[in-house]
Amino acid sequence: MKLLVTGGAGYVGSFCVRGLCDRGHEVVVLDNLSAGHKEAVDPRAAFVMADLADARALETLIRDAGFDGALHFAAYLNVGESVAEPLKYYRNNVAHTVTLLELMQKYQILRLVFSSTCACYGIPAAVPITESMPQAPINPYGNTKLAMEWAMRDSARAWKLGVTCLRYFNACGAAADGSHGEDHDPEIHLIPVVLQVALEQRENVQIFGVDYPTRDGSCIRDYIHVDDLVDAHVRAIETQEPGEFRAYNVGTGVGTSVKQVVEAAREVTGHPIPAKPTARRPGDPPELYADPGKLMAELEWQPRHTDIREIIETAWAWHRSHPHGYRHA
Ligand SMILES: NC(=O)c1ccc[n+]([C@@H]2O[C@H](COP(=O)([O-])OP(=O)(O)OC[C@H]3O[C@@H](n4cnc5c(N)ncnc54)[C@H](O)[C@@H]3O)[C@@H](O)[C@H]2O)c1
């Protein structure tokens with residue numbers, strides 16, 4: 001298939017581009033490099049440096065390329081920033097997605113895979129989280145992702161868009177050989193932050209809340225390796241039928257606490273990684289982990305990385321060999 005990948009220079013997108021190229025798809029990446037890295041883009045893919053805000057550039061690309069489908073990763077994803085600057089998030093995440101959908105309708109591109117998030121569930125009434133649980137985000141980032149899902153679901157009904165929303169839990173990990181990995185600035189994700197302490201780029205890791213009603217008092221999350229996310233995207237786009245709306249949780253189904261992540265990182269790196277207990281962050285649910293049963297049953301997907309220590313080993317291979325990410329590769 002000929003596929004448009006928005007945000008394909010970012011963390012998850014660039015891994016998916018490699019996976020799609022491996023499967024023989026013809027990939028065109030569109031990214032404005034606001035957070036992505038040109039070096040992360042597989043050389044087998046074509047790269048177009050453009051902003052989704054530039055509707056004319058987007059239309060020219062879509063009109064001329066003849067895409068069979070699209071994977072839409074481009075978005076802002078910093079929860080704290082979304083609270084402070086919500087309209088920046090509504091503009092980039094919602095408004096630009098509407099532009100993309102309008103052009104997909106105009107040029108009849110009827111297959112889409114969308115990067116959604118477990119943040120769209122807000123504080124769930126129970127865990128593990130299934131797709132049928134209420135979607136009630138508690139921050140503007142989650143609201144924008146839910147609004148994007150709605151625009152897609154309504155498009156599926158109205159003009160036969162086929163769409164799969166993949167609701168990722170905590171994306172993490174890197175290529176096992178350390179050649180490719182996560183490079184966000186500022187870094188907000190737990191595993192890279194912990195490994196930055198091991199690299200002596202930070203003094204300690206803050207543990208936000210040690211008095212939660214969890215097994216060790218720290219928050220529990222579901223850490224899903226980026227290779228397993230790639231596998232979900234490949235299966236989703238290759239099985240997508242026009243007019244069909246699907247939503248899947250993409251997680252391992254295993255909950256891991258913040259303290260367990262820090263302890264596993266100590267074992268992997270051999271560094272003491274000092275941890276600093278800190279007050280809870282508002283709106284952080286105690287426990288979030290997926291029931292990935294629907295994805296496993298319907299797309300025959302199976303997570304291959306379920307051991308947090310082994311996941312951290314892949315991340316460490318990347319961070320140790322690229323302590324400043326792609327910028328100084
Ligand atoms: N990382 C996670 O744990 C996680 C969890 C759940 C969902 N997601 C979703 O997955 C997607 C990818 O996340 P990521 O961690 O790879 O983020 P990322 O920031 O590494 O990648 C996003 C990419 O989109 C590009 N981009 C942003 N706005 C753009 C625009 N207007 N025009 C063109 N390009 C633009 C950025 O330059 C970047 O390369 C996001 O949609 C995010 O909401 C991520």
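Figure 1. Taken over C-alpha atoms, the centres of domain 1 and domain 2 lie 23 Å apart. Domain 1 covers 2–171 + 223–250 and domain 2 covers 174–221 + 253–328, with bounds that come from an automatic or database domain assignment. To their contact, domain 1 brings 32 residues and domain 2 brings 26 residues; two residues are in contact if their C-beta atoms, placed from the backbone, lie within 7 Å. Before you zoom in, please note that this is a predicted model: local features need pLDDT of at least 70, side-chain atom pairs count only at pLDDT 80 or more, and totals for chains, interfaces and linings use all residues. Residue numbers start from 1 along each chain as its sequence is written.

**Figure 2. The side of domain 1 that touches domain 2.** Two or more residues each come from α1, β10 (223–225), α7 (226–239) and β11 (245–250). Helices (H or I, at least four residues) and strands (E, at least two) are DSSP runs, numbered from the N terminus. With seven residues, α7 gives the most to this side. By class, there are 18 nonpolar, eight polar and six charged residues here; Ala, Val, Leu, Ile, Met, Phe, Trp, Tyr, Cys and Pro count as nonpolar, Asp, Glu, Lys and Arg as charged, and the others, Gly among them, as polar.

**Figure 3. The shell around the ligand.** Here 27 residues surround the ligand, and the closest are Gly7, Gly10, Gly36, Ala75 and Ser115. A residue is near the molecule if its C-beta atom, placed from the backbone, lies within 6 Å of it. The elements α1 (11–22), α4 (86–106), β5 (111–117) and β7 (170–172) give two or more residues to the shell, and α1 gives the most, with three. The shell holds 13 nonpolar, 12 polar and two charged residues.

**Figure 4. Helix α6 against helix α10.** Helix α6 (residues 190–198) packs on helix α10 (residues 308–321) at an angle of about 55°, their axes 10 Å apart. Axes are lines fitted to C-alpha atoms, for helices over the stretch in contact, and angles run from 0 to 180 degrees between N-to-C directions. The two helices are therefore oblique to each other; angles under 35 degrees count as roughly parallel, over 145 as roughly antiparallel, 65 to 115 as roughly perpendicular and the rest as oblique. Look for Ile191, Pro192 and Leu195 in α6, which meet Ile312, Ala315, Trp316 and His319 in α10. This contact has six nonpolar, one polar and no charged residues.
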